[in-house]
Amino acid sequence: MPERVIRDATAADAAACAAIYAPYATGTTITFETEPPDVAELERRIAKAQERYAFLVLEDDGVVVGYAYAGPFKERAAYRWSCEVSIYLAADRRGRGGGRRLYEALLERLAARGYRMAAAGMTQPNEASGRLHAAMGFEPVGTYRDIGWKFGASHDVTWVQRPLGDPIVSGEDPPEPT
Ligand SMILES: CC(C)(COP(=O)(O)OP(=O)(O)OC[C@H]1O[C@@H](n2cnc3c(N)ncnc32)[C@H](O)[C@@H]1OP(=O)(O)O)[C@@H](O)C(=O)NCCC(=O)NCCS
């Protein structure tokens with residue numbers, strides 16, 4: 001078994017993350033981005049996610065093989081305890097339990113920062129992602145039909161959500177995420 005480490009990403013991880021992500025942008029509908037972001041853009045995304053949310057990497061034997069991060073669900077004020085999460089593993093490192101470990105760490109971190117709800121959108125079909133989210137306690141919200149167009153076809157996106165941390169009690173706002 002490789003020695004597995006999950007840690008906060010740094011700017012030095014941007015190249016590895018860009019390399020992991022690029023084939024998903026150019027060759028799949030898993031992401032609706034079509035132009036793979038360059039290393040500088042990944043560096044910017046890492047820093048931005050870490051300001052208010054999180055950006056974690058998974059290392060096997062010192063090599064970055066996956067990453068997971070969160071960002072705002074929507075910008076309006078009342079959404080500020082909610083976040084959107086995302087995860088990508090290198091194609092040859094999938095199906096070995098790494099996604100689950102990395103997602104657990106991400107969700108724990110977000111709960112610790114004060115977020116109360118995580119949401120994720122999955123282009124259909126994506127059995128691995130569907131299974132991962134179900135295993136992590138995400139519940140179905142619904143499916144947007146034909147909401148994206150890529151590679152000459154329209155695609156459905158299924159959304160799921162999962163509470164984080166303590167349940168929200170009506171009557172007063174939860175503490176602000178930090
Ligand atoms: C989705 C992804 C992050 C899952 O990570 P992973 O390391 O492959 O998954 P794990 O080995 O941790 O397995 C997590 C669960 O998914 C299931 N699973 C993993 N790969 C699967 C596959 N190809 N088909 C069906 N189920 C699969 C596992 O059995 C496990 O479920 P269980 O706990 O109920 O047994 C990874 O496959 C990936 O990076 N895929 C491409 C990018 C992607 O789809 N990202 C999500 C965008 S919404």
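Ala, Val, Leu, Ile, Met, Phe, Trp, Tyr, Cys and Pro count here as nonpolar, Asp, Glu, Lys and Arg as charged, and the others, Gly among them, as polar. By these classes, the shell around the ligand holds nine nonpolar, seven polar and five charged residues. The model is a predicted one, in which local features need pLDDT of at least 70 and side-chain atom pairs count only at pLDDT 80 or more, while totals for chains, interfaces and linings use all residues. Residues are numbered from 1 along each chain as its sequence is written, and side-chain values use heavy atoms, with hydrogens and water left out.

**The ligand**

The ligand is surrounded by 21 residues (each with a heavy atom within 4 Å of it); the closest are Gly95, Gly97, Gly99, Arg100 and Asn126. Helices (H or I, at least four residues) and strands (E, at least two) are DSSP runs, numbered from the N terminus. At least two shell residues each come from β4 (82-89), α3 (98-112), β5 (117-123) and α4 (127-135). The largest share, six residues, belongs to α4.

The table lists polar contacts, meaning pairs of N or O atoms within 3.5 Å.

| Protein atom | Ligand atom | Distance |
|---|---|---|
| Ile87, backbone N or O | nitrogen | 2.8 Å |
| Gly97, backbone N or O | oxygen | 2.7 Å |
| Arg100, polar side-chain atom | oxygen | 2.5 Å |

Of the 920 Å² of accessible area that the ligand has on its own, the protein covers 77% (Shrake-Rupley method, 1.4 Å probe).

**The chain**

Four helices and seven strands make up the secondary structure of the chain, in the order β-α-α-β-β-β-α-β-α-β-β. Buried residues (under 20% relative accessible area, 1.4 Å probe, protein chains only) form 41% of the 178 residues.

Technical notes:
A polar contact is a pair of N or O atoms within 3.5 Å; within protein, one must be able to donate a hydrogen and the other to accept it, and residues adjacent in sequence count only if both atoms are side-chain atoms. Buried means under 20% relative accessible area, exposed over 50%, partly exposed in between (1.4 Å probe, protein chains only).
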